[in-house]
2 protein chains.
Amino acid sequence: MKDLVSRCPIEEVMQVLSGRWPTLLIYYLKEGTKRFSDLRRDNPTISHKMLALELRKLEDAGIVQRAEFEGYPLRVEYDLTPSGHALVPLIDALGEWWAATDSARAELADRSEMADRHD
Amino acid sequence: MKDLVSRCPIEEVMQVLSGRWPTLLIYYLKEGTKRFSDLRRDNPTISHKMLALELRKLEDAGIVQRAEFEGYPLRVEYDLTPSGHALVPLIDALGEWWAATDSARAELADRSEMADRHD
DNA sequence: TCGTGGTTACCAAAAAGTGCGTAATTTACT
DNA sequence: AGTAAATTACGCACTTTTTGGTAACCACGA
């Protein structure tokens, strides 16, 4: 982790959760133990490199646990930590908030469409 | 808004809230009506371009309201919408979660320091 | 030779910073 | 009186920085 030093805890969480992947990965991991290749199958559009990077980030943030097993080919399993599990409902709440405010956004869009029209 | 078309509401919220500024701006706007220059003073490190861009994004997302007043120099006021206000406690919860999991991260850091040490 | 979980180097694309221009009115200076 | 400068909230073009993708390499065993 680089410099996760900011005064505000919110800045710090957002530093971890920002981007396409963190919440998605948390979502797939919520289903249970996953391996690297499982997660790639779950989300085919993430690159090999990004998956490794994002998993590290989540691990450093204490959201994901990594378990390495001896043997070849090497087997590695990923799981949410207890903190990670506690985070899930909070992310859910954001999703629900977004869904609930859908109608408000629809109105906004309608208004701007009307404003755009000049025939 | 470009293509905020994804199957999952969580992906969509994160698209709006990702990055340094959205949550910060929401935080300052929570204090009440702010003007462009107020927000720049609140957060001196944001560039005027980014501030304008981010405010638009939040406006399109229905989180922020923009009110333009005639006259020169032009005056513009920004406020949270009702949806925006509803979002605040959810963001707070993330911050609290992060603060609460601080000790867990501290332990992780300790362990990795021990692992790094090879004297 | 393939599969596993990475890391690294290289490159293209996207994000973000800088500085200039703009509007009409007030204030400040000469 | 006449002129210059400042004010506010941006938009635009240009440059720099940061991200993210691709592909190659590694280890070993079946």
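**Chain A and the protein surface around DNA strand D**

Chain A has 6 helices and 3 strands, where helices (H or I, at least four residues) and strands (E, at least two) are DSSP runs numbered from the N terminus. This is a predicted model, so to speak: local features need pLDDT of at least 70, side-chain atom pairs count only at pLDDT 80 or more, and totals for chains, interfaces and linings use all residues. Residues are numbered from 1 along each chain as its sequence is written, chains are lettered from A and ligands numbered from 1 in the order in which they are written, and side-chain values use heavy atoms, leaving out hydrogens and water.

**Chain A**
- Along the sequence, the order of elements is α-α-β-α-α-β-β-α-α.
- Chain A has 119 residues, and 37% of them count as buried (under 20% relative accessible area, 1.4 Å probe, protein chains only).

**Around DNA strand D**
- DNA strand D is surrounded by 15 residues, each with a heavy atom within 4 Å of it; the closest are A:Lys49, A:Met50, B:His48, B:Arg66 and B:Tyr78.

- B:His48 places a polar side-chain atom 2.7 Å from a base oxygen.
- Polar backbone atoms take part too: one of B:Leu74 is 3.2 Å from a sugar or linking oxygen, and one of B:Val76 is 3.5 Å from a phosphate oxygen.
- Elements giving two or more residues to this surface are α4 (48-60) of chain A, plus α3 (36-42), α4 (48-60) and β3 (75-80) of chain B.
- α4(B) gives the most, with 3 residues.

Conventions: A polar contact is a pair of N or O atoms within 3.5 Å; within protein, one must be able to donate a hydrogen and the other to accept it, and residues adjacent in sequence count only if both atoms are side-chain atoms. Buried means under 20% relative accessible area, exposed over 50%, partly exposed in between (1.4 Å probe, protein chains only).
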